[in-house]
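Open the structure in a viewer and keep the selection panel at hand. The stops below go from a pocket to a sheet and then to its helices.

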Amino acid sequence: MERLREKQGFICDMDGVIYHGNHILPGVKEFVEWLYKENKKFLFLTNGSGYSPKELQLRLKRMGLDVDESHFYTSALATAKFVSSQHPMATAYVIGEPGLFNALHDVGITINNVDPDYVIVGETNNYNYDSICKAVHHVFNGAKLIGTNTDLTAPTEAGIVPACRALLAPIEQATGVSAYYVGKPNPLMMRTGLQMLGVHSQDAAIIGDRMDTDIIAGIESGLDTVLVLTGVTTKENLHKYPYRPRLVLENVGEISC
């Protein structure tokens with residue numbers, strides 16, 4: 001634990017680590033206070049694509065946490081950055097929430113439902129058979145298929161629900177095309193996070209609730225790895241993975257004790 005507390009930078013997942021639904025998880029307030037008190041550099045790096053950094057900031061503020069907007073980075077922003085770097089001024093058919101649409105708009109990517117260059121899929125509550133059919137049609141016509149993240153499921157107050165990769169599965173199966181996923185554990189997103197923190201990987205730690213995104217991302221990027229048991233991964237299914245986090249904690253509050 002002392003090795004962890006000496007790190008200069010902290011990359012933290014959000015859903016399942018900081019909150020569930022509209023409720024802050026145990027120990028989070030104490031942990032954030034500790035980050036500020038110790039002058040740590042930190043970034044809330046989320047695979048969620050539905051909200052902008054400003055919306056995430058306001059969401060936490062409603063829960064009693066006041067964190068500057070600069071401490072947030074999403075898979076929507078990472079996806080927009082990637083697509084614009086590959087094909088400036090591209091067009092896209094998008095299945096997702098406003099956070100994804102706004103991120104794409106801000107880098108000059110135009111929404112196109114007729115003959116897009118890309119089909120881009122993120123989490124959304126407005127997912128239906130018609131949108132799947134349109135996406136399949138565009139991919140068959142040559143559109144490149146992009147997913148904002150590889151999460152199959154997400155934790156909510158009501159339980160586990162399907163996430164981005166589950167929504168992409170029918171499109172991949174129908175077309176035979178595998179999507180390119182931008183969010184964690186893709187090193188693109190991790191490198192951007194470290195650049196935003198301004199620290200080297202050996203001086204940073206990642207804290208997450210998922211073995212298949214957060215922990216593998218940390219291992220492959222050279223960060224110290226901390227799994228918290230407040231989200232998807234449980235003690236009982238840790239043994240299923242061929243890799244392990246360095247630390248397993250009940251919640252992030254243990255770091256500030």
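**Pocket, sheet, helices**

Select α3 (53–62), β10 (153–156), β11 (159–162) and α9 (211–221): each contributes at least two residues to the lining of the largest pocket. Helices (H or I, at least four residues) and strands (E, at least two) are DSSP runs, numbered from the N terminus. This is a predicted model, in which local features need pLDDT of at least 70 and side-chain atom pairs pLDDT 80 or more, while totals for chains, interfaces and linings use all residues. Residues are numbered from 1 along each chain, and side-chain values use heavy atoms, without hydrogens and water.

A pocket is an open set of points on a 1 Å grid over the protein atoms alone where a 1.4 Å probe fits, with protein on both sides within 12 Å along at least five of seven lines; lining residues have an atom within 4 Å of a point. Stay on β10, which gives the most to this lining, with three residues. Next select Asp15, Gly48, Tyr51, Glu123 and Ala154, the nearest to the pocket centre among its 30 lining residues.

Move to the open sheet, five strands in the order β7-β6-β8-β9-β12 with parallel pairing; strands pair if DSSP finds at least two bridges between them. β7 (110–111) and β12 (180–181) are at the edges with a single partner strand each, so one side of each has no neighbour in the sheet. Select Thr91, which stands opposite Thr110 in β7.

Now show helix α4 (residues 75–86), which packs on the sheet and touches β8 (118–121), β9 (144–147) and β12; contact means heavy atoms within 4.5 Å.

How values were computed: Axes are lines fitted to C-alpha atoms, for helices over the stretch in contact, and angles run from 0 to 180 degrees between N-to-C directions.
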